[in-house]
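Hello,

Please find the structure below. My notes on it follow.

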Amino acid sequence: MASEPATDYAFQGGPGAFEEEAGHEEVHGLSPWRLALRRLKRNNKVAIVFGVLFLLLVAICLAAPLWANGPADTDPYKNHLTETIVIDGKKTNVVSLDGVPIGPTWQGKFFLGADTNGRDTAVRLLYGGRNSLLIGCAAALITALLAVILGILAGFVRGFTDTVVSRTLDVIWAFPVLLLGVALGTALSLGGLEIGPIKLGAGSKLIPILIIAIVYVPYMARPIRGQVLALREKEFVEAARAQGMRPSRIMLSEILPNLSSTVIVFLPLMVANAILLEAALGFLGVGVKAPEPSWGTMIGDGVKHILSGPHLAIVPGGMLVLTVLALNVFGDGVRDAFDPRSTVRMEH
Amino acid sequence: MRRFWWAIAAALIAAAAMSVSACGDDDDDGGGGGSGKGSAELTVASAGPDNADPVLFQTVQAVQVFQLVYTPLVTYAHEEGEGGTEIIPGLAEEVPEPTNGGKTYEFTLRKGLEYSDGTPVKASDFENTMKRLLKLGSVWSSFYSGIVGVPEFQEAGDFGGDIKGIETDDASGKITINLTEPDTKVLFALAEPYTAPTPAAKSPGKSLKQPPPGVGPYTLDVVDFTRKWVLTKNPRFDLPGIPKAKFNKITVNVSDSVTKMTQDVINGDADFMTEDPTGDQLPEVRAKYKDRYSEAPNPPNTYYFFLNHKIPPFDKKEAREAVNYALDSRALVRIFGGRLTPGCTFLPPDLVGYKNYDCKYGDPNGPPDIAKAKQLVKESGYEGEKVTVWTNNKDPRPAIADYYRDVLNEIGFDADIKTLDQQVYFEQVGLERTKAQTGFTDWYQDYPHPGDFIDVLLSTDSLQTEVTNNQGFVSDPTLDKKLDELRPKTPEEAADEWGALDEYAVNDQAHVAPYGYEESSSFFSERMDAQNCSGVHPVYKNDWLLFCVKE
């Protein structure tokens, strides 16, 4: 369950740190990226394994249509309530007359069983994974984009802009993430979102993406602001100012590149948290709208049948755990690679 | 120092042991799985009434609560089974026989009646209740549209105005109701709790957040609309023929999780649940708690999909017929966990007027005719039309909607789902401006009269209210004309004609898409006497006045 990331956001990296680290290892002429990659390969093979695992999970989910159109011969929305399937030469109802769905058949059709509407659990799991990953990744990217913009503005411009941005972030921060997500999800689930020319239907996946993105902005924007506050006092920024460079140019060409490692470190952890929040929202019925599957909605539907069909909750739950675990271990490895002294953490 | 810490640890262990043993004692005494509330209190788990105002509620959950608080002029006998359909005197001295060719009903209030707050009951309070019901746009308004002056009162929209057809005399306690045309269902409708008088001074022409006093075995306090309602014994209540309160207090805990409600009843944290166990709790409850669980097709009910006649695609008969051909009740039986009896009639079995006619769309227990449905969709010209299936979040309704969406897609529509909270759902889909194309709905008998189904749910008259129960906005002159002919007749007199009208509405016009009748359940905690006091009632579903605790 995603909770609020730690407030311990002091990131002590930056170009100086890379140079210093590089000096210790007597590696010259390597970019921070190459250096980090080398450090990751050398020191944290477990992180690489989990990174590969994550990529594997993504690949499996992306291949969902191959499984659906091939062995499963169905789609994630198709009900098979009155159908039967032959298992070990015996005809079995996909859903029994008193509503209990079939368990795993370990064959093409209903490989992981069916849900109460007779939908193929394996197919929904793969399509649900696509939705969960899409929402998690998109939300994390939007969070990163907003956080970088707001963090740079607040940290570099300071003054009134800083006050407005920081207090707004404080207000969002003051709400528990899940509560804020549920409140926004409930409010937007009926009529969708309409702001000027932007119109999003109630069933649009952009709604959970935006909700998750917005609620997590403070958790990333505040550390970035802190880092920008430090960077703006550095010599290279003063030099740029002395050369007559405009503030906007300084922000883009001097400050922004120095934030890249922070963003890279944050991203996997942010994706993991976004996937968890999506699952929580889906579980509570305010995430992805039916009939679209997601791991959260599948778990939510599955717990009602945990005794007669434990696979309905356990399978998507397992996938969720694997994905988040993979992202977290990989994210920790990336952080250590970029700056072993960093204290950036996101709690789970 | 070390000895000191050992002493502290020993004290803590002893305290923990004592508290554990104390818990054990509670269980033994309470006999209610830990509830420990004794026989004076009852706890009910429920999805909750949908409105705190006694003239605005709509649901079966609400009627179970409000009938305990508000006694109308005449009421239904508090008896299980068929006996519960009998109309008996409530606040009136007797059940009137209609006069003036069936157009006039005269009531006389009993002497010395008082509301739960001690205010005397006045005849004019009844007219005030009727005005509130009509002015506030209660979905029940259409039941009373045949009273002289009601359309004019509604059109004027002035709460201070007069309803000509209701004459009251506070001194004598006389209430006279004049109808424009004879209508036998009016007396049945007057026995509903939403017509019960409430003090005019405390019942203004606006929606109430806290229920006003009534004359009933209990008083009602809405502690928290979405969480807790409390009924407290009314010591002033004493009406012949109506049982007094057995429990000093009834707490209704509101939840939208049927799973939790079921678990609460199993654990003894709730004594009764107004909902039906679903999911895998249903087989468990059926198997393990046979002695305190029962199922019955009660009250008579119909489950169907409404089809909005005013907007595409169901403004075309072919599209509506296509839905009827495509529905597979066998699939829906599974979603209901076996608690659905497949059927194609709009009037349910066990209701006067029910006719088991041949289903034009095929055997309800057999497979659907998808090919025919696809052909009809093509003929309608709406192939590929976007359709939103409306439903609410109460189990198993999301699953029902998902099945229906799949069917619509299979026969050529482009369907998706919109899910609302159960507490606002019927209000939303009953508004014309919502433009709900089609969706889940059901109807439980309010009173034992076929007009409570066909007249209330399919007539043009039922569209007079802002929020209508005619969610398909059916307006069929042929059906309306036939209803005009049937209203003066008693249900028994016109049973065959009601059956024929049902056949016309479903087979000829496909006004709705019925698929079956639910077996409602009654599930009690261990301490309740479920065998002898289940209170299964044909109007109230479960009459809580009949509940009792084991000796």
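**Sheet and helix in chain B**

In chain B, six strands make an open sheet with mixed pairing, in the order S13-S17-S12-S16-S14-S15. Two strands pair if DSSP finds at least two bridges between them. Helices (H or I, at least four residues) and strands (E, at least two) are DSSP runs, numbered from the N terminus. Strand S13 (340–342) and strand S15 (414–420) of chain B are the edge strands, each pairing on one side only. From one strand to the next, the twist averages 30°. Axes are lines fitted to C-alpha atoms, for helices over the stretch in contact; angles run from 0 to 180 degrees between N-to-C directions.

This is a predicted model: local features need pLDDT of at least 70, side-chain atom pairs count only at pLDDT 80 or more, and totals for chains, interfaces and linings use all residues. Residues are numbered from 1 along each chain as its sequence is written, while chains are lettered from A and ligands numbered from 1 in the order in which they are written.

Strand S14 (residues 386–392) of chain B pairs with S15(B) in the parallel sense, over seven bridges. Val389(B) has Ile417(B) in S15(B) as its bridge partner.

Helix H11 (residues 397–410) of chain B lies across S12, S14, S15 and S16 of chain B. The helix runs at about 165° to S14(B).

Pro398(B) sits in helix H11 of chain B. Pro398(B) counts as buried because it has 22 C-beta neighbours inside 10 Å (buried: 20 or more other C-beta atoms within 10 Å, placed from the backbone). Leaving out residues up to four places away in sequence, Pro398(B) touches Ala290(A), Thr391(B), Asn393(B) and Thr419(B) (contact: C-beta atoms, placed from the backbone, within 7 Å).

Regards

Definitions and conventions: Contact = placed C-beta atoms within 7 Å. Buried ≥ 20, exposed ≤ 12 C-beta atoms within 10 Å, placed from the backbone.
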